[in-house]
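Work through the exercises below with the sequence and the model side by side. Try each task before reading its solution.

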Amino acid sequence: MIGRLPLDEQLSALKAVLSRNEVLLEVLSRTATLELPGWYLTAGCLFQTVWNVVTGRPPADGIKDYDVFYFDDGDLSWEAEDTVIRRAEQVFAGLPAEVEIRNEARVHLWYERKFGVPCPPHESTESAIDSFAATTCCLGVRLEPGSRWRVYAPHGLSDVFNLVVRPNPVLAPREVYETKSARWRGQWPELTVLDWPPTSATGTASSS
């Protein structure tokens with residue numbers, strides 16, 4: 001099983017598996033042309049591609065969107081983020097999937113209005129990825145010069161390959177984790193979903 005391989009072999013396997021999703025490769029390639037600071041393709045499109053390949057489904061099956069995070073704290077205005085979003089719409093035109101771009105430096109400005117709970121300012125794109133409701137979601141990939149893959153996986157890759165959904169009670173509330181995990185298990189019944197720790201405090205929600 002890939003989840004029991006040494007980490008360097010898991011990283012090679014991750015690249016091989018993700019490369020089977022042609023849409024994902026195209027999103028990576030086009031995002032790199034935007035030259036966004038600290039960007040990553042992240043969350044569902046990554047681990048769900050792995051789940052699809054591991055369970056014998058088409059690589060892009062059931063992936064509703066592709067999330068791109070970047071971090072620009074030099075201008076926290078909505079207008080600056082919207083400019084990036086509109087530029088990206090042109091870059092991603094023609095793709096058979098929705099690509100959602102968000103400046104993670106701005107999340108704390110709108111999060112409480114949307115979810116009813118405060119979100120401390122993120123310090124980087126990586127810290128935003130760290131806040132996802134499940135450790136499985138805490139994964140980011142980007143292309144660096146020379147088409148080298150940079151992979152951010154603070155909780156490793158074993159759970160991703162082993163189809164384990166594990167709670168990450170550092171920020172997101174229990175209901176977000178349980179709603180998302182129930183939806184995922186409905187689509188991938190092979191998943192093992194672990195329970196939310198009974199003593200964990202709840203915080204803010206995260207996208208995936």
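Buried means under 20% relative accessible area, exposed over 50%, and partly exposed in between (1.4 Å probe, protein chains only). The model is predicted: local features need pLDDT of at least 70, side-chain atom pairs count only at pLDDT 80 or more, and totals for chains, interfaces and linings use all residues. Residues are numbered from 1 along each chain as its sequence is written, and side-chain values use heavy atoms, with hydrogens and water left out.

**Exercise 1. Describe helix H2 from end to end.**

Step 1. Define the element. Helices (H or I, at least four residues) and strands (E, at least two) are DSSP runs, numbered from the N terminus.

Step 2. Get the length. H2 covers residues 22-34, 13 residues in total. Its first and last C-alpha atoms are 19 Å apart, close to the expected 18 Å. That expectation is 1.5 Å times one less than the number of residues.

Step 3. Look at the ends. Asparagine 21 caps the N-terminal end, with a side-chain oxygen 3.1 Å from the backbone nitrogen of valine 23. After H2 comes glutamate 35, with a positive phi near 55 degrees.

Step 4. List the buried residues. They are Val23, Leu24, Val27, Leu28, Arg30, Thr31 and Leu34.

**Exercise 2. Is glutamine 48 buried or exposed, and which residues is it in contact with?**

Step 1. Glutamine 48 lies in helix H3, residues 44-54.

Step 2. Check the accessibility. Its value is 7%, so glutamine 48 counts as buried.

Step 3. Find the partners. Contact means heavy atoms within 4.5 Å. Leaving aside neighbours within four places in sequence, glutamine 48 is in contact with Pro59, Gly62, Ile63, Trp184 and Trp188.

**Exercise 3. State how confident the predictor is.**

Step 1. Know the scale. pLDDT is the predictor's confidence in each residue, from 0 to 100.

Step 2. Read the values. The chain averages 91, and 93% of the residues score at least 70. Over residues 200-208 the pLDDT is below 50.

Technical notes: Polar contact = N/O pair within 3.5 Å; in protein donor to acceptor, adjacent residues only side chain to side chain.
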